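This report covers selected helices, a strand residue and a surface patch. The sequence and structure come before the details.

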Amino acid sequence: MTQIEQARAGAITAEMEAVARSEQLDPELVRSEVARGRMVIPANKTHLQKGLRPIGIGVAARTKINANLGNSPVTSDTECELAKVLAAIHYGADTVMDLSTGPEIDAIRQRIIDAVTVPVGTVPIYQIAEQLDDIAEMEPGDLLDAVERQAGQGVDFMTIHCALLREHLPLTERRTTGIVSRGGALVGRWMVTRRQENPFYTHFDDLCEIMRRHDVTWSLGDGLRPGSLADASDEAQFAELAVMGELTLRAWERNCQVMIEGPGHVPMDQIEMNVRRQIEWCHEAPFYVLGPVVTDVAPGYDHITSAIGAAMAAWHGAAMLCYVTPREHLGLPSLDDVRQGVIAYKIAAHAADVARHRVGARDRDDALSRARYGFDWSEQFRLSLDPETARRMHEESLPASDGRDARYCSMCGPKFCSMRASEELRRMGQQVGR
């Protein structure tokens with residue numbers, strides 16, 4: 001039985017118990033959220049046997065972040081991508097997705113699954129496209145085989161572009177950036193060449209059977225997500241979203257867990273509307289958003305442009321944020337790009353959790369503030385989202401021998417330090433009071 005199936009039967013599984021402990025929630029609340037489809041626990045039965053630590057993704061839980069990794073036909077290899085995966089988890093990624101499109105896809109995926117205890121996601125059509133000379137050669141059996149093989153390896157959630165239909169393609173013709181989803185573009189090419197409906201849509205029930213058997217969580221892919229502000233919130237995007245709502249109900253009927261993927265480029269004033277529409281049309285299934293990027297003019301800094309949108313989306317109800325690195329739109333991310341992307345998104349997710357008053361979310365902020373006022377540098381570094389960077393920046397500006405115990409930083413020095421002055425004022429006030 002899948003997590004949602006057991007939750008509907010009234011059972012609190014070991015995975016639900018684990019999520020409840022991690023989130024400081026009542027186990028019955030976790031069960032009820034999973035039962036209604038508002039929370040998912042991506043936990044492939046095979047990955048559980050290898051040590052997967054279950055997490056909950058949903059509006060009742062802390063905001064989660066995902067890191068996309070994987071090699072390309074142009075660059076990188078298994079060892080490099082595994083190093084990036086481990087770095088992403090070290091800095092706080094809650095899930096990782098293997099988006100490999102080059103050689104050794106099966107081997108890379110298996111090494112990642114075997115090496116990590118966080119949920120792992122994939123996009124099966126990438127492997128199908130890699131194995132064929134032309135995606136138009138794909139037959140329904142190819143896609144079912146790919147999903148079955150990846151599920152058997154232990155993949156916990158899969159992005160499959162089931163909701164992009166033939167009738168949606170003309171809606172993209174006036175777009176500035178067309179179809180920017182790789183999976184969406186591949187499906188679109190298949191439909192145009194074969195003059196048939198999306199095979200992921202027509203074989204949705206068959207796919208549900210595979211997902212249910214392994215308890216793989218659906219991540220319904222947004223093949224028509226906007227790739228520029230000019231295309232945000234257009235007819236194509238929302239036509240696909242409506243089909244996602246239909247497929248959500250069909251997946252639930254077949255005891256499958258479901259997440260909905262969301263838009264990539266959206267101006268700030270449209271983010272709340274996008275989140276609220278997804279919640280309404282997709283029956284409160286957890287929303288998993290890429291960014292969104294809030295301006296198109298900052299190549300090299302899109303971890304920042306997207307983290308702004310991500311914090312807003314989470315504040316309005318998104319459940320998981322897919323990170324963006326500084327190299328988005330420019331190339332395959334380096335190890336340091338992965339670090340910067342994860343940290344930017346940990347900040348966005350944490351800021352949203354504080355604003356949403358998640359249990360214990362602000363405890364770390366308050367503890368760090370007390371350490372800062374007390375010039376306890378070691379504690380400040382320990383509580384930081386990126387301790388190594390905080391320590392390096394501090395010690396670069398003050399000699400290590402002085403900086404470790406200094407009751408000031410190099411910006412103000414001892415004479416102009418406001419916190420030192422504030423503490424002196426307090427002592428003076430106490431003396432006057434006596």
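I308 is found in helix α14; helices (H or I, at least four residues) and strands (E, at least two) are DSSP runs, numbered from the N terminus. This is a predicted model, in which local features need pLDDT of at least 70 and side-chain atom pairs count only at pLDDT 80 or more, while totals for chains, interfaces and linings use all residues. Residues are numbered from 1 along each chain as its sequence is written, and side-chain values use heavy atoms, with hydrogens and water left out.

With a relative accessible area of 37%, I308 is partly exposed. Buried means under 20% relative accessible area, exposed over 50%, and partly exposed in between (1.4 Å probe, protein chains only).

I308 forms a nonpolar surface patch with M268, Y301 and I304, and together they have about 400 Å² of accessible area. Patches are made of residues with over 30% relative accessible area and no salt bridge; like charges are joined within 9 Å, nonpolar side chains (Val, Leu, Ile, Met, Phe, Trp, Tyr) within 5 Å. A salt bridge is a side-chain nitrogen of Lys or Arg within 4 Å of a carboxyl oxygen of Asp or Glu. Accessible areas come from the Shrake-Rupley method with a 1.4 Å probe; for residues, only the protein chains shown count as cover.

## Helix α15

Helix α15 covers residues 335–355, 21 residues in total. From first C-alpha to last it reaches 31 Å, close to the 30 Å expected at 1.5 Å a residue; the expected span is 1.5 Å times one less than the number of residues.

The buried residues of α15 include V338, V342, I343, Y345 and A349. Its buried residues pack against β3 (64–69), α5 (78–90), α14 (302–316), β10 (320–322) and α18 (387–397). H357, with a positive phi near 60°, follows α15.

## K64 in strand β3

Strand β3 contains K64, which is buried at a relative accessible area of 1%. A polar atom of the K64 side chain lies 2.8 Å from the backbone oxygen of R62.

Beyond its neighbours within four places in sequence, K64 has contacts (heavy atoms within 4.5 Å) with residues including E23, D94 and M320.

## S22 in helix α2

S22 belongs to helix α2 (residues 14–23) and is partly exposed, with a relative accessible area of 42%. Between S22 and P54 there are 32 residues in sequence and 9.3 Å in space, C-alpha to C-alpha.

Methods: Polar contact = N/O pair within 3.5 Å; in protein donor to acceptor, adjacent residues only side chain to side chain.
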